[in-house]
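Trainee: I would like to learn how to read a structure step by step. Could we look at one together, taking each feature in general first and then in the case before us?

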Amino acid sequence: MRTTALAKTTATTCRASDGVRIDVVTIFPEYLDPLRLSLIGKAREGGLLDVHVHDLREHTTDRHRTVDDTPYGGGAGMVLGPAAWGAALDALLADPAAGPAARPRLIVPTPGGRPFTQAYATELGAEPWLAFACGRYEGIDRRVLDEAAEIMAVDEVSLGDYVLGGGEVAVLVIVEAVARLLPGVIGNVESLTEESHTAGLLEYPVYTKPAQWRGRDVPAVLLSGNHGAIARWRRDESLLRTLRVRPDLIHALDPGGCDRADLALLASQGWTVGADGRFSPAEPAVSD
Ligand code: 6GU
């Protein structure tokens with residue numbers, strides 16, 4: 001496949017033996033050191049992940065290695081300027097290892113971005129090349145992202161409705177969520193299909209030996225050997241926990257994916273399928 005210089009696709013030429021390439025540009029490269037540990041460290045050693053961390057200041061030209069300046073229009077804080085960012089992104093695209101037509105999907109962590117979810121992690125896991133631009137202070141000069149968007153996909157991504165000091169911790173979160181979905185990164189693939197959020201529900205509680213601990217028993221059903229009863233108990237626990245902690249997820253659930261026992265359990269908690277085809281709590285009784 002040939003891609004033109006302006007094609008907004010991510011070419012596959014950079015995927016070295018099916019691994020995902022990840023570049024991170026930051027003013028705190030050491031912040032990404034945890035990417036050497038545990039699951040991600042092993043994935044890197046196994047060639048499933050190819051991680052490169054770059055210091056934005058390597059692309060400055062002044063003696064003080066300045067990356068920020070005051071915002072036009074006034075206001076608090078500093079803005080990361082376009083000069084160093086432009087040079088850093090040019091250098092990424094010029095990397096011969098990536099192939100001449102390859103473009104990363106550029107991820108910009110910011111509280112103003114699209115909410116990061118399990119589905120979003122799955123989407124990013126299908127990309128051959130992800131590049132992360134870590135902002136700090138009040139953010140990155142908008143022209144950097146506008147220019148990048150002319151030649152590559154640019155996603156502004158948020159972890160949730162709170163403000164972090166910079167994008168580095170968000171990169172750790174996103175890379176971990178994406179990496180563990182890649183084939184070969186997790187030994188037990190079943191743990192991916194049964195976990196929280198995959199089915200739109202939170203996880204049921206888990207137990208291990210001993211069967212009694214400080215006067216607390218493991219629920220008897222789990223020791224029964226009755227696999228049907230165990231599956232039902234776990235499903236009920238997931239539904240009840242989700243209802244308690246994240247009723248919004250129950251409302252988002254497809255009733256078509258629920259069996260009669262699910263419907264009975266939810267009905268026992270006052271949740272039924274309404275005219276909109278969605279689960280909702282029963283109308284509170286109107287008192288006069
Ligand atoms: Cl992705 N970045 C920053 N700086 N703050 C955040 C965030 C991301 N998500 C929530 N708050």
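Mentor: Let us begin with contacts, where contact means heavy atoms within 4.5 Å. In the protein chain, among contacts between residues at least 6 apart in sequence, 72% join residues at least 24 apart. Please keep in mind that this is a predicted model, in which local features need pLDDT of at least 70 and side-chain atom pairs count only at pLDDT 80 or more, while totals for chains, interfaces and linings use all residues. Residues are numbered from 1 along each chain as its sequence is written, and side-chain values use heavy atoms, with hydrogens and water left out.

Trainee: How many helices and strands does the protein chain have?

Mentor: Helices (H or I, at least four residues) and strands (E, at least two) are DSSP runs, numbered from the N terminus. By that reading, the protein chain has 9 helices and 11 strands.

Trainee: What radius of gyration does the protein chain have, and what would a compact globule of 288 residues have?

Mentor: The radius of gyration is taken over C-alpha atoms, and the globule rule is 2.2 Å times the number of residues to the power 0.38. For 288 residues a compact globule would come out near 19 Å, but the protein chain has 24 Å. Taken along the principal axes, the C-alpha atoms fill a box of roughly 70 × 55 × 45 Å.

Trainee: Which residues surround the ligand?

Mentor: A residue is near a molecule if one of its heavy atoms lies within 4 Å of it. Here the ligand is surrounded by Pro109, Thr110, Pro111, Val157, Ser158, Leu159, Gly160, Tyr162, Val163, Leu164, Gly166 and Ala170. If we count Ala, Val, Leu, Ile, Met, Phe, Trp, Tyr, Cys and Pro as nonpolar, Asp, Glu, Lys and Arg as charged, and the others, Gly among them, as polar, this shell divides into 8 nonpolar, 4 polar and no charged residues. The largest share of the shell, 3 residues, comes from β5.

Trainee: Where do nitrogen atoms of the ligand lie relative to backbone N or O atoms?

Mentor: A polar contact is a pair of N or O atoms within 3.5 Å; within protein, one must be able to donate a hydrogen and the other to accept it, and residues adjacent in sequence count only if both atoms are side-chain atoms. A backbone N or O atom of Leu159 lies 2.9 Å from a ligand nitrogen, and for Leu164 the distance from a backbone N or O atom to a ligand nitrogen is 3.1 Å.

Trainee: Is arginine 21 buried or exposed?

Mentor: Buried means under 20% relative accessible area, exposed over 50%, and partly exposed in between (1.4 Å probe, protein chains only). Arginine 21, found in strand β1 (residues 20-26), has 3% relative accessibility and therefore counts as buried. Its side chain makes a polar contact with the side chain of aspartate 23 at 2.7 Å. By contrast, alanine 126, in the loop between α3 (118-125) and β6 (129-133), counts as exposed because its relative accessibility is 57%.

Trainee: What should I look for in the backbone angles?

Mentor: Most residues other than glycine have a negative phi, and most peptide bonds are trans. Serine 38, which lies in helix α1 (residues 38-45), has a positive phi of about 55° although it is not a glycine. Tyrosine 137 also has a positive phi, near 55°, and its place is in the loop between β6 and α4 (142-148). The peptide bond from lysine 209 to proline 210 is cis, with omega near 5°.
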